[in-house]
Amino acid sequence: MVRSKLWPAQDALYALLQAEAGLARTQLTLGTPADFQDENVWISGEVDNWTAIYAVTGLRAKDEQFTLRVGIVVQRLGNAYTTPRDRAKELGQIVEDVIANNHTLSGTVELANITSARLEETMMDERRRAVGLSINVSCRAWLDA
């Protein structure tokens, strides 16, 4: 499984998001951030549903599927839910647009598309509210070497 398009797909998605002007004031990381800022977007190092189906020849060629996770957390002072929620929505839209405009993640996979998401919210303490959005990006790739 270590021979995979997973690694270049993570790097490509990270590079595509780095190029987005709408993320300029947001902490963007590959892997979970070591310290969370007010706005965070990351490509998780945790990968879901990583499977491979080897070609009939039994050689190294295989079809593979994996799900990348993009995490978004927005924290704001105050009790208002809509303030961090609306910013999380904007950041999620940027991620969605990047994938919609580059379904191959710069040629690293055959197809990448968003298949599901999860929205959560919490009070960090009595003064700060946070909203989290986790986006699952399903990828299909062909590895021939």
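Is Phe36 buried, partly exposed or exposed? Phe36 is partly exposed, because its relative accessible area is 39%, which falls between the limits of 20% for buried and 50% for exposed. The model described here is predicted.

**Aromatic pairs**

- A search of the whole structure finds two aromatic pairs.
- One of them joins Trp7 and Trp50 in an edge-to-face arrangement, with 5.6 Å from centre to centre and 85° between the planes.
- Trp7 belongs to helix 1 (residues 6-18) and Trp50 to strand 3, so this pair ties together parts that are 43 residues apart in sequence.
- Trp7 counts as partly exposed, since its relative accessibility is 39%.
- Trp50 also counts as partly exposed, at 27% relative accessibility.
- Phe36 and Trp42 form an edge-to-face pair as well, with centres 5.4 Å apart and 80° between the planes.
- Within this pair, Phe36 is partly exposed, whereas Trp42 counts as buried at 11% relative accessibility.

**Helix 1**

- The residues Leu6, Ala9, Gln10, Ala12, Leu13, Leu16 and Leu17 of helix 1 are buried.

**Ser44 in its loop**

- Ser44 is located in the loop between strand 2 (39-43) and strand 3 (48-54).
- With a relative accessible area of 6%, Ser44 is buried, because that value is under 20%.
- The side chain of Ser44 reaches the backbone nitrogen of Glu46 at 3.0 Å.
- When neighbours within four places in sequence are left aside, Ser44 is in contact with Gln10 and Arg69; Gln10 is one of the buried residues of helix 1.

**Strands 5 and 6**

- Strand 5 (residues 111-123) pairs with strand 6 (residues 128-143) in the antiparallel sense, over twelve bridges.
- Four residues form the hairpin that joins strand 5 to strand 6.
- Glu120 stands opposite Gly132, which is in strand 6.

Methods. Residues are numbered from 1 along each chain as its sequence is written. This is a predicted model: local features need pLDDT of at least 70, side-chain atom pairs count only at pLDDT 80 or more; totals for chains, interfaces and linings use all residues. Side-chain values use heavy atoms; hydrogens and water are left out. Two strands pair if DSSP finds at least two bridges between them. Helices (H or I, at least four residues) and strands (E, at least two) are DSSP runs, numbered from the N terminus. Buried means under 20% relative accessible area, exposed over 50%, partly exposed in between (1.4 Å probe, protein chains only). A polar contact is a pair of N or O atoms within 3.5 Å; within protein, one must be able to donate a hydrogen and the other to accept it, and residues adjacent in sequence count only if both atoms are side-chain atoms. Contact means heavy atoms within 4.5 Å. Rings of Phe, Tyr and Trp (its six-membered ring) pair if their centres lie within 6.5 Å; planes under 30 degrees apart count as stacked, over 60 as edge-to-face and the rest as tilted.
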